[in-house]
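Please keep the sequence and the structure open beside them as you read.

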Amino acid sequence: YFRTNNTDYLAVLVGDTKQLIVNANVLRNSSQRTTNIAGRNITAFTVSPNGRYLVHNSNDQFVTIDYERFKRYRFQTSLAGLTSWKWMNDQHIAANLAGSVKLIDFDGQNAELIGDGISPSSPLLFSDNKSLLFFKQIPASETTPEKPQLTQYFLVPDKIIEATRSGQQTRS
């Protein structure tokens, strides 16, 4: 359930058919209720915190529906290997794609690699709009087994700073 522009919506992903069904005017104006199929062959979707954007995967492609401008964006950002995703803020999504974390614009135009080697089941956590936490897999060596390490990325305008137990590394 989400609301934007004085309209309330209910989005339901039907598992058997993989159709994403969106109902408009669910509670506030039920006499004008409408139902639309927003996409097919979908396995995951998410709604931005402000309710403006609904993002789904369609055949491993990134698709965004803008409910303020009533536009649909389709860009070539691949979602192959998607295990989880989470909104960082109203404009950006962090996605765990086969062990790599990418920060993706709401419309899929930019997909910036933030980190790799993360656990496929690692949650993506935000402490604010500029800090991303997840568990990175530290490879096994002859003396130590493989283990997860909590990693934090600070996103600042001109660079990305990685902070781990062993110190900080800077990437541009």
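1. The largest nonpolar core has 13 residues, and those with the most contacts inside it are Val55, Phe62, Leu79, Trp85, Trp87 and Ile93. A nonpolar core here is a set of buried Ala, Val, Leu, Ile, Met, Phe, Trp, Tyr and Cys residues joined through side-chain atoms within 4.5 Å; buried means under 20% relative accessible area, exposed over 50% and partly exposed in between, with a 1.4 Å probe and protein chains only. The elements that give two or more residues to this core are β6 (53–58), β9 (82–87) and β10 (92–97), and the largest share, 3 residues, comes from β10. Helices (H or I, at least four residues) and strands (E, at least two) are DSSP runs, numbered from the N terminus.

2. This is a predicted model, in which local features need pLDDT of at least 70 and side-chain atom pairs count only at pLDDT 80 or more, while totals for chains, interfaces and linings use all residues. Residues are numbered from 1 along each chain as its sequence is written, and side-chain values use heavy atoms, with hydrogens and water left out.

3. Which residues does Ile93 touch, not counting residues up to four places away in sequence? They are Thr46, Val55, Phe62, Trp85, Lys86, Trp87, Met88, Lys102, Leu103 and Ile104, where contact means heavy atoms within 4.5 Å. Met88 also belongs to a second, separate core of 12 residues, which includes Ile114, Phe134 and Tyr153.

4. A search of the whole structure finds 6 aromatic pairs. Rings of Phe, Tyr and Trp (its six-membered ring) pair if their centres lie within 6.5 Å, and planes under 30 degrees apart count as stacked, over 60 as edge-to-face and the rest as tilted. The ring centres of Phe2 and Tyr67 are 5.5 Å apart with the planes at 65°, so this pair is edge-to-face. Tyr53 and Trp87 form a stacked pair, 6.5 Å centre to centre with 15° between the planes, and this pair links strand β6 to strand β9, 34 residues apart. Both Tyr53 and Trp87 are buried, and together with Tyr73 and Phe106 they form one aromatic cluster.

5. Strands β9-β10-β11-β12, in that order, form an open sheet with antiparallel pairing, where two strands pair if DSSP finds at least two bridges between them. β9 and β12 (111–116) stand at the edges with a single partner strand each, so one side of each is left without a neighbour in the sheet. β10 and β11 (residues 100–105) pair over 6 bridges, and Ala95 stands opposite Lys102 in β11.
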